[in-house]
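Subject: Model for you to look at

Hi,

Here is the structure I promised to pass on. Please open it first, then read my notes below.

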Amino acid sequence: MVLSSESLVESYTRTLDCVHCGLCLPHCPTHQVLGVEADSPRGRIYLMRALAEGRIEEPESIRPFLDRCLDCRACETACPSGVRYGEILEATRAELERAQPKRGIAAWLTRTLLWHVVANQRRLRLMFWLLRTSEVLGLRWLATKLRLMPASMAQIAPPVPPASERRPLRTGVHKPPPGTKLRDVRVALFTGCVMEPMFGRVNRATLTVLLANGFEVHIPESQRCCGALLVHAGQPDRARTLANENVRAFADDDIVLNNSAGCGCAMKEYDHLLGTADGKAFAAKCQDISEFLATEGLTATPAEQPIRVAYDDPCHLCHGQGVTRQPRELLQQVPGIDLVSPTKSDDCCGSAGIYNMLQPKLAAEIGRTKAAHLHECAPDMIVTGNPGCMMQIDSHMRRSGHNVPVRHPIELLLPPQ
Amino acid sequence: MTSPAKSPNLERDLAQLLGRDRVLCTRDALLAWECDGFTVHKSRPRAVVLPESTAEVQAVIKLLHSANVPFVPRGAGTCLSGGPTASGNAVIIDCARMRKVIKISTEDLFAVVQPGVVNLNLTTEVTPYGLHYAPDPSSQSVCTIGGNLAENSGGPHCFKYGMTTDHVLAATIVLPDGEVVHLGSTTGPRTPHGIDVLGLFCGSEGTFGIATEITVRLCRNQQEVRTMLASFDSMSAACRSVGKIISAGLVPAALEILDQATIRAVEASIYRAGYPENAAAVLLVELDGPHEVVVEDAAEIATIFVAHDALKVEEATDPKERKRLWKGRKGAFGAMGRIDTDLYVLDGVVPRTKLEEALEKITEIGQRHRVNLTNVFHAGDGNLHPNISFDGRDKEATARTIAAGHEILQLCMDLGGSITGEHGIGTEKLDHVSMMFEPEDLEVMARVRAVFNPDDLCNPGKVLPQRNACAEVSKWPQMVAKVLDVEDTPQEPESTS
């Protein structure tokens, strides 16, 4: 197998930034669980460097170690040498996938789902309709009972909300309601692929908060999935197709907001993914909703919430985008709130895109630890800004017997009804 | 010795002992264990095993001993001298999963831990009781107590509190033939009478056996801790103020110096601590003790700084601010990756009074060999860490790096110092050992080792030169050739563009 793509040569150069100091080890969720050097950032970088140097005889044999990486980027935050681990991992995964696409039913199913369903909003909606219908008919319960569906999978995926909550936002331009103090800023909203059918209420809350605070909101119809899951799965070409469509869809907008840390991180990296001036310009326009609102300031006071709220950092917000202060600042403005920071709030929860389905055992172990840390601070509510994390945390809180609602920070910024 | 290749069923037998997921023998993946923080010397292990208890370590060692297969203990792989590198197709016994804190006694002030417990995690665990574990290597957030014991690790605070050996009270050890022994005692000083056998084990660099349960001393936190940072426009002014502090009878908990190149690398990294980048050197001083004493000492030190024309002096008692001042020092090695692809961290010691002279000569050596040399060191005990940043793919540059390193260690010897303060001999300084010791001394050490490790199966090829090589005066060209003789030669990937 010859590994020779240009991106691999570039990622090889990036591996040389690592001087093997090991300061990343305690920050790596998989190394914390497994204690295996080849399952640590330092070990993986070393293997990826060896691969690029032609020292790996059977590249397939190191793939499980790379597959077990959550791509949470906690190692990047910890690295004194500034190694851009995510870029190295993504380029290497892409090269391995190109040289020898993964075989087996799971790999085929992943590829099909990611490209033909997740990246296609109409089919995704159809899938959720089918899921919801099967749940209503009790098929999900039956499938779990008959063990057609692994129990872990059943526990990860929360029930699909009813159609009224899955309704997509109207595309086009939304104006603030009459009587609102207008701001002279128009923003565009990226609605995401999973956020809409699973957490339609979060998208509606985002729109409501923006309008209530006097911003005009544009929701382009032609926007697509951000492509993050494809990049993580080693399929950058397909991700580029989606990225280019998004660049076009938001061509007339100066500020592109999103409420999903994973998508936001991926879109801020379009610069690297596309390597074009357009990609760079688009990346510069992207902001997480919390970044934007914290900078602009809230004019509509949120509704009172006299409860204890634990904020958990999504990896792709804190490590991927360096956004940690803004969501906390906004939440502090909620009247009556008692905001607490759980232990290791910046550790991964094990969701990591579709990782919890591909590596259920490891993801469950990481999820359990997260739930334990969250439970320690006895919250009435947990907030985190990424749909995958919301599902994973919710699932593990329930599995460990704690019934605590999980919400997106934006939901707490809603003004009183 | 039977060749390890003659026991093809070894991996299967190991898997029977530990289960398949705790025995790694994927040849390509094993490359991840081929070196520690000393990346010049590489050697791929035959397999890696991850035991979780004394009984498992014992079972593994008995099996390896009967099959005559060499083995190497490993902690977090942060060693800087090649200690846990698997020479001679050895099996690595990785202690990363032995990370339980078994017991904490807040009254008798000790903790019993497994060897894979991370140094800083132990301190975190005992912080609620107002206690800490004193030895604090710069890698303390990663490195393990087992590794610290094997290497007798130091750290900034060892100037006042002593090295690892001063903090280890007892240990359960699996000897290289599989026998389990208990050394030391948790009550009172380590060796009230008799020969301090545990003292011999400390710093034996994993050649005497594997410690599987370690009892360490816990220290009470001081009433007040104050960190001071002074910047100077010359390295010699920084060194002179260290001399003055010590001759004035003050005993700070730590005295650390960083030079300008190090300051700049750290300030460019996420460990940026706000060190003034225009300074030629910064001196980090930590004082601890009763409030009045710390205040008095801090005032005296501030006067010394002024007398030595310090550009700026910062003081912090708030834990958050203190952490910031320390952050740059703790992240300094890793930040060197910003200078070049590889890093050679040297570890020489000179008498404190010769610091200035040593640093001047080290700079001269660096220039002569055209290497990129920076300095960060424990000034209090004269423990220098000249760092050479180089491109390990460039053989000529690597040779110059090694040659400069050799000359620096020779210089430390000539000034009346030592070739290592805390990083150990490992494979890195094998050729320098005979500069320090007479053949007779080495013979005595070899005989002590033979008591613990008669078949030389436990971490072979470390610490002591091969017996017949003792008397030879090492010459650096041969040494360079040897160091460059890595298992596989890395190659650059070919670009299609």
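**Two loop residues in chain A**

A:Ala378 sits in the loop between α23 (360-376) and β8 (381-383) of chain A. Helices (H or I, at least four residues) and strands (E, at least two) are DSSP runs, numbered from the N terminus. This is a predicted model: local features need pLDDT of at least 70, side-chain atom pairs count only at pLDDT 80 or more, and totals for chains, interfaces and linings use all residues. Residues are numbered from 1 along each chain as its sequence is written, while chains are lettered from A and ligands numbered from 1 in the order in which they are written.

Most residues other than glycine have a negative phi. A:Ala378 has a positive phi, near 45 degrees. Is A:Ala378 buried or exposed? It counts as exposed, with 11 C-beta neighbours inside 10 Å. (Buried means 20 or more other C-beta atoms within 10 Å of a residue's own, exposed 12 or fewer, partly exposed in between; C-beta atoms are placed from the backbone.)

A:Lys344 also has a positive phi, near 50 degrees. Its loop runs between β7 (338-340) and α22 (355-358) of chain A. A:Lys344 is partly exposed, with 17 other C-beta atoms within 10 Å.

**The sheet in chain A**

Five strands of chain A form an open, mixed sheet, in the order β1-β3-β2-β4-β5. Strands pair if DSSP finds at least two bridges between them. The edge strands are β1 (172-174) and β5 (286-288) of chain A. β2 (residues 186-189) and β3 (residues 216-219) of chain A run parallel, joined by three bridges. There, A:Val187 stands opposite A:Val217.

**Where the chains touch**

In all, 43 residues of chain B are in contact with 39 residues of chain A. Contact means C-beta atoms, placed from the backbone, within 7 Å. On the side of chain B that touches chain A, α11 (332-335) and β16 (342-345) of chain B each supply at least two residues. The largest share, three residues, comes from α11(B).

**Confidence**

The model scores ipTM 0.90 and pTM 0.91. The mean pLDDT (the predictor's confidence in each residue, from 0 to 100) of chain B is 90, and 92% of its residues reach 70 or more. Over residues 1-6 of chain B the pLDDT is below 50. Beyond near neighbours in sequence, that stretch has five contacts in the model. Residues 468-497 of chain B also have a pLDDT below 50, with 49 such contacts.

Best wishes

Definitions and conventions
Contact = placed C-beta atoms within 7 Å.
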